[in-house]
Amino acid sequence: MSGFLFLSWLFFKRFHKRLMRLQEAMERKGEAGIPLPVKRSNGDEIGQLEESFNHMIHELEESRQREQQEEKIRRELIANLSHDLRTPLTTIRAALNGVSPEVTSEQGQDKLLSVNNKIDYVSDLIDNLLSFTLLTGKKYPYHPEDIEMNRFIRETAAHWYPALEEHGIEVDVQTLDKPIYWNVDPKWMERVFDNLLQNLVRYASDGGYAGLAVTHDKITVEDHGPGMKKTADRQGTGIGLSIVELMTREMNVRLAIETDEQGTKVSMTKKDAHA
């Protein structure tokens, strides 16, 4: 009897040890986050379980490789399409500029201006689509440096002032005498503000107001438009705001949006900002 108990104990101990080894293998992951295969120890039920486990890992690896390949093809397709679409847009714009002097009526000039605005709109969409693809694929160049945000906001306002004035938008810029430095990529920040102000011009110009302000802990862009809930039904706001969200997150900037029918306020706070 004691011999039987000893053999049973020895059997279950080995059985338990092999199960624990399989459990440890399931919890141990490789660089891709997929568990590593195990060496088949025997041809019994546990060995069959190990074989099934290895087969599952093989299928996961193949699925991940297919996903990566499809993502690469998608990024290359969007990049090529973006390039191919820019060429006819440039040709159309050149043709419009060529015929513009021949159009003398006010109505004709208004139509040419409308077409030019649509070309700008499509061009911005193409740029945003390419940028979004590069950002999600971690391929967008990022070079952070210390920039003085009061100066940055004043230069941004000066750059956008003609476009804002053309649409009857009053520009209110508030900065501090004390320098505020953020460690961010200046080109990324420029893209963030370009997207915010493009949306303001297109969807909030009726409010006639654009406020850019620097306080001791945040930077804000504010308008008196109809609010994002109303403009969500109008095309074009989504991808630009998605790029803003991706870029601010990567730059360690906290983004907050307050919006209602009285207007929209976008606040950005740099978590490690220093004066």
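Author: Two strands are said to pair if DSSP finds at least two bridges between them, and strands (E, at least two residues) and helices (H or I, at least four) are DSSP runs numbered from the N terminus. The model is predicted, so local features need pLDDT of at least 70 and side-chain atom pairs count only at pLDDT 80 or more, while totals for chains, interfaces and linings use all residues. Residues are numbered from 1 along each chain as its sequence is written, and side-chain values use heavy atoms, with hydrogens and water left out.

The sheet is open, with 5 strands in the order β2-β4-β5-β7-β6 and mixed pairing. Because β2 (170–174) and β6 (253–260) stand at the edges with a single partner strand each, one side of each has no neighbour in the sheet.

Within this order, β4 and β5 form a hairpin with 4 residues between them, pairing in the antiparallel sense over 5 bridges, and Ala 213 has Thr 220 of β5 as its bridge partner. β5 is also joined to β7 by 5 bridges, again antiparallel, with Glu 222 opposite Lys 265 in β7. Of the 5 residues of β5, 4 are buried, that is, under 20% relative accessible area with a 1.4 Å probe, protein chains only.

β6 pairs with β7 (residues 263–270) in the antiparallel sense over 8 bridges, where Asp 260 has Gly 263 as its bridge partner. Helix α5 (residues 186–203) packs on the sheet and touches β4, β5 and β7, contact meaning heavy atoms within 4.5 Å.

Key:
Axes are lines fitted to C-alpha atoms, for helices over the stretch in contact, and angles run from 0 to 180 degrees between N-to-C directions. Buried means under 20% relative accessible area, exposed over 50%, partly exposed in between (1.4 Å probe, protein chains only).
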